[in-house]
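Welcome to this short briefing on a protein model. Take a moment to look at the sequence and the 3D view, then follow the topics one by one.

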Amino acid sequence: MLPPIVSVQAQPRDAASWTTLARRVEAGGYDALLVADHPGTAASPFVALAAAAAVTERLGVGSYVSHAGVREPLLLASDVATLDVVSGGRARLALGAGHTPAEWEMLGRRRPDVAGRVRRFQVVAEACRALLAGETVTLDGPEARAHEARLTSPRPVRHRVPFTFGGGNTALLRWAGAHADVVGLSGLGRTLPDGRTHEVRWNGADIDRQVALVEEGASARAAAPAREALVQMVEITDDAGAAAHGIAERLHCDAADVLASPYAWIGTVREIAAAMAEHRRRWGITRYVVREAHLEAVDRVRAHLAHATR
């Protein structure tokens, strides 16, 4: 059995450390370097990714995930196409519906309700994919507008840019099952009153339901999308129970859910590897996204997995 595919999500702090990180991630055999999209509070993902692409040769590059609620389809498709050109065909398109009210408010807009965010996501996702495929797009609805939009130049290097959906909305998980190449599960639930943090959905039954929705959406396809989990924390320890208990107290969930979840790697390297095998068996998770802060621990886990599969 092949080891899981692992990508790294990070933010640039300065030019030197960012290019050093990009080279390290590529040399370490990671699949991609990814940048979050939170306008006003995080780096512009496509500027950062173009810089990373310039110092690497094989590493995938992409946002994780672009904010469909505030990004316009033509501008987003142009960014992805340009990144694909300057990286020599290594860009990915990844989209989520957005959740932080301030990101709409700073643009003078009001965050739509859940149904409105779902409709906007579908319109933007379908328009971006059509534009990247060379189609002309006209939109004349409340969610988005465009008139005979098309990408004349630059055009992506590849005819089909890989597409990832990131999120947990019921309707969008089913939609992603039908349309996405990868479904990224984050374990995040309802946005809390502070407008930034979330409830967690780390219970196994919750993940069962999400995966079932993806499979339901994929029923007419030859194969369902790959499943990916965003790893929120990594701790290599001989006392997994104590570590999980502390995390569960902070997140207001059960320690057993922390240990079983794909969103936290807790325990010895062997225990983490065993948990990942269970994630694959139960939920079909074969891909992970980890944070830069956890790279040293993740390197140890990946080294163990590589040795175990020889």
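This is a predicted model: local features need pLDDT of at least 70, side-chain atom pairs count only at pLDDT 80 or more; totals for chains, interfaces and linings use all residues.

**Helices H5 and H6**

- Let us begin with helix H5 (residues 114-132) and helix H6 (residues 170-179), which pack at an angle of about 15° with their axes 11 Å apart.
- Angles under 35 degrees count as roughly parallel, and H5 and H6 are therefore roughly parallel to each other.
- The crossing of these two helices, H5 and H6, is right-handed.
- From H5, the residues Val118, Phe121, Gln122, Ala125, Glu126 and Arg129 take part in the contact, and they meet Ala171, Leu172, Trp175 and His179 of H6.
- Sorted by class, this contact of H5 with H6 has 6 nonpolar, 2 polar and 2 charged residues.

**A closer look at H6**

- Which residues of H6 are buried? They are Leu172, Leu173, Trp175, Ala176 and Gly177.
- These buried residues of H6 pack against H5, strand S8 (163-166), strand S9 (182-185) and helix H7 (204-217).
- The N-terminal end of H6 is capped by Asn169, which has a side-chain oxygen 3.0 Å from the backbone nitrogen of Ala171.

**Helices H2 and H3**

- Helix H2 (residues 45-54) packs with H3 at an angle of about 5°, and their axes are 10 Å apart.
- That angle makes H2 roughly parallel to H3.
- On the H2 side, Phe46, Leu49 and Ala50 meet Leu76, Asp79, Val80, Leu83 and Val86 of H3.
- By class, the contact of H2 with H3 has 7 nonpolar residues, no polar ones and 1 charged residue.

**Two residues of H3**

- Asp84 is found in helix H3 (residues 73-86).
- Is Asp84 buried or exposed? Residues under 20% relative accessible area count as buried, so Asp84, at 0% relative accessibility, is buried.
- The Asp84 side chain reaches the backbone nitrogen of Val157 at 2.8 Å.
- Leaving aside neighbours within four places in sequence, Asp84 is in contact with Gly89, Arg90, Ala91, Pro156, Val157 and Arg158.
- Ser78 also lies in helix H3, and with a relative accessible area of 26% Ser78 is partly exposed.
- Ser78 and Arg90 are 12 residues apart along the chain, and their C-alpha atoms are separated by 15 Å.

**Ser66 in strand S4**

- Ser66 belongs to strand S4 (residues 66-67).
- With a relative accessible area of 1%, Ser66 is buried.
- Which residues are in contact with Ser66, leaving aside its neighbours within four places in sequence? They are Asp37, Phe46, Leu76, Ala94, Leu95 and Gly96.

**Backbone features to look for**

- Here is some background: most residues other than glycine have a negative phi, and most peptide bonds are trans.
- The peptide bond from Tyr64 to Val65 is cis, with omega near -5°.
- Another cis peptide bond joins Ser153 and Pro154, with omega about -5°.
- Pro154 sits in the loop between strand S7 (145-149) and S8.
- Glu148 has a positive phi of about 45°, although Glu148 is not a glycine.
- Glu148 lies in strand S7 and is partly exposed, with a relative accessible area of 45%.
- For His252, also a residue other than glycine, phi is positive and near 60°.
- You can find His252 in the loop between helix H8 (240-251) and helix H9 (255-260).
- His252 is exposed, with a relative accessible area of 74%.

Technical notes
Residues are numbered from 1 along each chain as its sequence is written. Side-chain values use heavy atoms; hydrogens and water are left out. Axes are lines fitted to C-alpha atoms, for helices over the stretch in contact, and angles run from 0 to 180 degrees between N-to-C directions. Helices (H or I, at least four residues) and strands (E, at least two) are DSSP runs, numbered from the N terminus. Angles under 35 degrees count as roughly parallel, over 145 as roughly antiparallel, 65 to 115 as roughly perpendicular and the rest as oblique. A crossing is left-handed if the near helix is turned anticlockwise from the far one by less than a right angle, and right-handed if clockwise. Contact means heavy atoms within 4.5 Å. Ala, Val, Leu, Ile, Met, Phe, Trp, Tyr, Cys and Pro count as nonpolar, Asp, Glu, Lys and Arg as charged, and the others, Gly among them, as polar. Buried means under 20% relative accessible area, exposed over 50%, partly exposed in between (1.4 Å probe, protein chains only). A polar contact is a pair of N or O atoms within 3.5 Å; within protein, one must be able to donate a hydrogen and the other to accept it, and residues adjacent in sequence count only if both atoms are side-chain atoms.
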